[in-house]
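My notes follow in the order I looked things up.

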Amino acid sequence: LLDGFAARAFRRPLTPSERGRLERLLDRMRAVAGFDETLETAVLAILQSPAFLYRSELGEGGGALGPYELASAVSFFLTGSMPDEALLAAARDGQLASGADVRREGARLLATTRGMEQLRHLLDAWLATARIEDARKDRDRYPELDDGLRRAMREDVDRYYDEILAGEGSLAALFGETAAWVDGPLARRYGVAPPAEG
């Protein structure tokens, strides 16, 4: 529980003080409660700990970030989530020491599903495409703009972003590519031939 779940929740190994507090809690609970209640209390204590609830990126002695802090900062920035096992292993093994190490891990994270989602989210915010499904238009002027068409437009944008990001990833490609992923109604709206299926 302490080396697995708690360390994963804290995004780093436990300090001796943290380990001692949790071990004392487990000992006290085992003396008065059964296994399930002891485990539940320990999990609640871990999930209510500031080490889980807050990210500490203060650096070691006010200087550069430590390896686990750096892993956390890189992961939350690029994936919007906590470091994965590979990134934690890199921090543990001293493989986040150089700029090249960070670029290697950053490229790996950006190639993950969560990394692509975060990049898509960034593009959505920047280009205001996040509002596609929520934008309200005059129904008399745009009677074909229903929920199905909005979903198709959202999927078109998501696939477009994914294609650009997986390829060249440049601004020229983002603004110059002419590909679109359409279903029948969206093809009609764009004035192109609808696909045979899908």
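Before starting, I wrote down the cut-offs for burial: under 20% relative accessible area is buried, over 50% is exposed, and anything in between is partly exposed. I also noted that this is a predicted model.

**Entry 1: Val192**

I found Val192 in the segment after helix H11, which covers 184-190. I then checked its separation from Arg136, 56 residues away along the chain, and got 24 Å between the two C-alpha atoms.

**Entry 2: the largest nonpolar core**

Which residues make up the largest nonpolar core? I listed 9 of them: Leu2, Ala6, Ala7, Ala9, Phe10, Leu14, Leu22, Ile46 and Ala51. Helix H1, residues 2-10, gives the largest share of this core, with 5 residues.

I picked Ile46 from that list and looked up what it touches. Leaving out residues up to four places away in sequence, Ile46 contacts Leu1, Phe5, Ala6, Ala9, Phe10, Leu22 and Phe52.

**Entry 3: H5 against H6**

Next I turned to helix packing. Two packed helices are described by the angle between their axes and the distance between the axes. For helix H5 (residues 67-79) and helix H6 (residues 85-92), I noted an angle of about 150° and axes 8 Å apart. Angles over 145 degrees count as roughly antiparallel, so that is how H5 runs relative to H6. I put the crossing of H5 and H6 down as right-handed.

Which residues of the two helices meet? On the H5 side I found Pro67, Tyr68, Ala71 and Ser75, and on the H6 side Leu87, Leu88, Ala91 and Arg92. By type, the residues of this contact of H5 with H6 are 6 nonpolar, 1 polar and 1 charged.

**Entry 4: Ser75**

I wanted a closer look at Ser75, which lies in helix H5. Is Ser75 buried or exposed? Its relative accessibility is 1%, so Ser75 counts as buried. Not counting residues up to four places away in sequence, Ser75 touches Gly80, Ser81, Met82, Pro83, Leu87 and Leu109.

**Entry 5: H6 and its cover**

I stayed with H6 and listed its buried residues: Leu87, Leu88, Ala89, Ala90 and Ala91. What covers them includes H1, H5 and helix H7 (99-110).

For H6 and H7, I noted a packing angle of about 170° with the axes 11 Å apart. H6 and H7 are therefore roughly antiparallel to each other. Ala86, Leu87 and Ala90 of H6 meet Arg104, Glu105, Arg108 and Leu109 of H7. The residues of the contact of H6 with H7 divide into 4 nonpolar, no polar and 3 charged.

**Entry 6: positive phi values**

Last, I looked at backbone angles. Gly94, which follows H6, has a positive phi near 75°.

I placed Arg11 in the loop between H1 and helix H2 (16-32). Its relative accessible area is 6%, so I marked Arg11 as buried.

Ala128 has a positive phi near 60°, again in a residue other than glycine. I found Ala128 in the loop between helix H8 (113-127) and helix H9 (147-166). With a relative accessible area of 32%, Ala128 is partly exposed.

Technical notes
Residues numbered from 1 in each chain as written. Predicted model: local features only at pLDDT ≥ 70, side-chain atom pairs only at ≥ 80, totals over all residues. Heavy atoms only, no water. Core = buried A, V, L, I, M, F, W, Y, C linked by side-chain atoms within 4.5 Å. Buried < 20%, exposed > 50% of the residue type's maximum accessible area, 1.4 Å probe, protein only. Helix = DSSP H or I, 4+ residues; strand = E, 2+ residues; numbered from the N terminus. Contact = heavy atoms within 4.5 Å. Axes fitted to C-alpha atoms, helices over the stretch in contact; angles between N-to-C directions. Parallel < 35°, antiparallel > 145°, perpendicular 65-115°, else oblique. Left-handed = near helix turned anticlockwise from the far one by under 90°. Nonpolar A, V, L, I, M, F, W, Y, C, P; charged D, E, K, R; others polar.
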